[in-house]
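Hi,

Here is the structure I promised to pass on.

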Amino acid sequence: MGKRFKPLPILEGAQAAAVDPNVHASVSASAGSGKTQVLTGRVLSLLMNGADPESILCLTFTKAGAAEMANRIGARLAAWVRLSDAQLRKELYALRGPNDPAALQRARRLFAKVLEAPGGLRIQTIHSFAQTLLSAFPAEAGITPGFKPIEGRAEQELAKTTLAGLLADAESRRDEQLIADVQCLSLRLGEEGAVKYLMLCAQSPDAMAALGSPEKIEPALRHLMDLPDSSVEDFLANHCHEDRFDCDLLEAIADANRRWGAQSGLTYAQAIEDWLELTPIERAAGLQKLRKVVLTDKGTPRVSTGQTKVEPAYEDHAGRLATLIGDLLAVQNGVRLTGEMAAGLRAGQAFAAIYTKAKRSAGVADFNDLIAWTRRLLDRPGMGEWVRYKLDRRTDHILVDESQDTNREQWEIVQALAAEFFAGVGAVESRGRTIFMVGDFKQAIFGFQGTDPQEFKRARDWVRQQSAALLEADEDARAGAALEFRDLSIEASYRSAPAVLDVVDAVIGDVGYRNMGLPDHPNLHRAHFHARPGVVELWKPFAVENVEDSEDGEEGWLGEEARLYASALARQVRRWIEEAPILASTKRPLSAGDVLILVRSRGELASLIVARLFEEGVPVAGIDRLHLQEPLAVKDLLAAVAFAAQPLDDLNLANLLVSPLMGWSQELLLELAYGRGGISLWQRLGERADLKPEFRTARDQLGELLATADFTTPHRFLETILSGPMDGRRKLYGRLGMAARDPIDELLASALDFEHQEIASLDRFLAWFSRGEVEIKRDPSAPANAVRVMTVHGAKGLEAPVVILADATADPAKLGGTSRTLDFPVAGAGEVPLIRPRKAERVSPFSELIVEEEARDLEEHWRLLYVGLTRAEERLVIAGLQPKTKDGIRPENSWHTSVERALVSLGAHWIEDEHWGSALRYQGESRQAQ
């Protein structure tokens, strides 16, 4: 068994304290500190302490995390069965537990005990747990037994079908209000944005219902913004009447401009006279034009020295008029904004209600439903107590992984489950029952999924308070039901070299822990491999002077600098691989699989880097996650399917002919298509098939596809293209590289999935495929000797000897685009999405909410930098493009700027670099000097 077995490392310090099975514990585990090892050790310690396997509930953030932990525990218990007594004694000593003969006997029996336990070890995601719980208590939860979870394509298809049905029904019922609301929403957000907005509303059905009747939504918004309830036209007209408007101020400004005598002054005076001659209603409509007398289009005062010379108080007069007009226009704009917000909420309320009914009719539930139903079940008076009692008889130990990414609703479920742990000796029957949570505030990077690291702090404080209260009860303490709570922190990194950790700590110091959203100042990191050499380099931002126009080809939407930068990056990686230095972390030469390139978001740059690496002959795994409709291999295969369904579609056939499947050049396509008049491209190909061998081959191959189109399934049709005489798989791999393999396999799997649900025909498959999106998620931790290119989010939990942050110069305020919605709290019901006010529309209370949101986003931006930096084992590179500004200055909040300040503070200096111009390099001199 020997070579593949890796003994447990001896747990020391906080790690040893964390796995004690007789205490509650909250562990803040820094990156690379062996969090999974501690979690696994905790489970093993509980089992060795006599806990039944089925009494342990371990909640993880992802299915992959659950599978990894289950595999680790299973493999360890299986190994214990076969180990010698001496080896097993060392294993138990590593866990800081007893290793006497009785303990050895218990350890050897654990594997069989876990296998025989009802349900085994419960290691699952919170959603999986919720599904299991609801399946066991459907009547108590008030839901249909046998429901199924829905996600991905099926969820998108149901949503689109439901929305289409809602609009069709509104049209048949002549519901003009709903139709107008959807039209208003589409005009404001666009078609795609409107659909996304409605789906956000559907994810908060309780909050949407709590808004009340549709008629009350707009008045409530007006009240919130302190706007008049009456018609805005009447309000403005009333305030533009001579009795309410300061016409004397207007006369004074007009008189000053006439006395100034300049042509522009006379124009302003005439504009004021014209406005005063209008009726109040007409004046209200002309406020924008009147505003230009005293303000420029940019909102700056329009005041000249000539005006102040003839009227010293002119600047004061102009300011007062600007304020007066601004207040009236703010009311006008506010009413317009509330109208659009209310339209969105009314449409969202209608869609949320009907989408909920559609899910119930289909017997399905999305992830939000699972969490909401579970919370409701556990909180339901009478019934909730019964369910918790049944669970209480089964669950004695709860472990929560990735606690920083567990949101409030999920923590409420955990607390409901753990509440009985602190109910006193009578309720717990003197059983030792524990709750354990592990996470890292610095790695809370999933705010876009609704997570908040402050919830981890609140949960930790709750356990601390509950434990302290129980310990204070003397009788419980004597009975042994009250357990100690330990708040632990692990800073030792088993991953990164000291030089990398120096820079990480310096960056935290530069940014400030409060600006990262951390509740307390984190301890300094400590390298377990204190003698491991390491280097951190910050390359000068990539810039090209005098960029000449070039043939853009298929990358014309990208700037020349980005293309040259991606090429330079790919050449640098190729040079490293060719040099093949011996890595201290792996004790072998560097290879492609040792390089990890990280970007902030999946965009053109990431795809371009993959393409340039492939061009340089560097093995590359491709983007870690992409939509199935996007890869060129999928588009080419779908073009073949579309041709079989509709051969007279000239554009589609042209795309197919120049694809790798047919291999035509653009010149050959032009020769066939030019001058054909009204003849279809397919007919033209048939007429000219004898003129060129390429024409004849294409006609024969495409003809064979047509001949089988009506008698084959989509999967068989695609497989025939890939593996039949056309030899499509080899052609696609040859042109696009092995990165095309996963999309092709996923397309084949989608075809099989379609055939299980629908009547198998090509045209139906195309329609079905277009109705939803399939996201391909490669397993980045799978062994493969290829460069990995992914986002920092996707790289969480991974590591590599060499890490490059490739877009570190980006401005965080401009990354990912501006959100089109704003979460607004509804008392006691959650949050609803509001149409986000534009910059000119920001008023209280929305402006305050936007500022808070931007502050949270910036905090997560810095935590994301921490995650990116700590992926590196021994070599870390920070690079990026020169910003496209007049002076080329990097944004103050860019990663590149912050890391530069950190490196300088550590004593790093700029050095010449033959490939990147210059670079800051740090190799841990300060730590070595100590």
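Before the strands, one term: two strands count as paired here if DSSP finds at least two bridges between them. With that in hand, Ala-800 has Ala-872 in β20 as its bridge partner. Keep in mind that this is a predicted model.

Is β17 mostly covered or mostly open? Covered: six of the six residues in β17 (residues 800–805) are buried.

Zooming out, these strands sit in an open sheet of eight, in the order β13-β16-β12-β17-β20-β11-β22-β21, and the pairing is mixed. The edges are β13 (620–623) and β21 (909–913); each has a single partner strand, so one side of each has no neighbour in the sheet. From one strand to the next, the twist averages 25°. At the β21 end, the pairing with strand β22 (residues 917–922) is antiparallel, with five bridges, and Asp-913 stands opposite Gly-917 of β22.

Two helices to look at here. Helix α38 (residues 846–869) packs on the sheet and touches β12, β17 and β20, its direction making about 145° with that of β17. Helix α26 (residues 560–579) lies across β11 (535–539), β12, β16 (787–791), β17 and β20, at about 165° to β17.

**The six-stranded sheet**

There is also an open sheet of six strands, ordered β3-β2-β6-β7-β1-β8, with parallel pairing. Ignoring direction, neighbouring strands are turned by 15° against each other on average. Within this sheet, strand β2 (residues 56–60) pairs in parallel with strand β6 (residues 397–400) over four bridges, and Cys-58 has Leu-399 of β6 as its bridge partner. Helix α2 (residues 35–48) packs on the sheet, touching β1 (24–29), β2, β6, β7 (434–439) and β8, with its direction at about 165° to that of β7.

**Helices elsewhere**

Helix α34 (residues 728–736) packs with helix α35 (residues 741–757) at an angle of about 145°, and their axes are 10 Å apart. In that contact, Arg-729, Leu-732 and Tyr-733 of α34 meet Arg-741, Ile-744, Asp-745 and Leu-748 of α35. By class, the residues of this contact divide into four nonpolar, three charged and no polar.

Last one: Leu-189, in helix α9 (residues 176–202). Its relative accessibility is 7%, so Leu-189 counts as buried, the cut-off being under 20%. Setting aside neighbours within four places in sequence, Leu-189 is in contact with Ala-194, Tyr-197 and Arg-820. Its C-alpha atom is separated by 34 Å from that of Pro-280, which is 91 residues away along the chain.

Cheers

Methods:
Residues are numbered from 1 along each chain as its sequence is written. This is a predicted model: local features need pLDDT of at least 70, side-chain atom pairs count only at pLDDT 80 or more; totals for chains, interfaces and linings use all residues. Side-chain values use heavy atoms; hydrogens and water are left out. Buried means under 20% relative accessible area, exposed over 50%, partly exposed in between (1.4 Å probe, protein chains only). Contact means heavy atoms within 4.5 Å. Axes are lines fitted to C-alpha atoms, for helices over the stretch in contact, and angles run from 0 to 180 degrees between N-to-C directions. Ala, Val, Leu, Ile, Met, Phe, Trp, Tyr, Cys and Pro count as nonpolar, Asp, Glu, Lys and Arg as charged, and the others, Gly among them, as polar.
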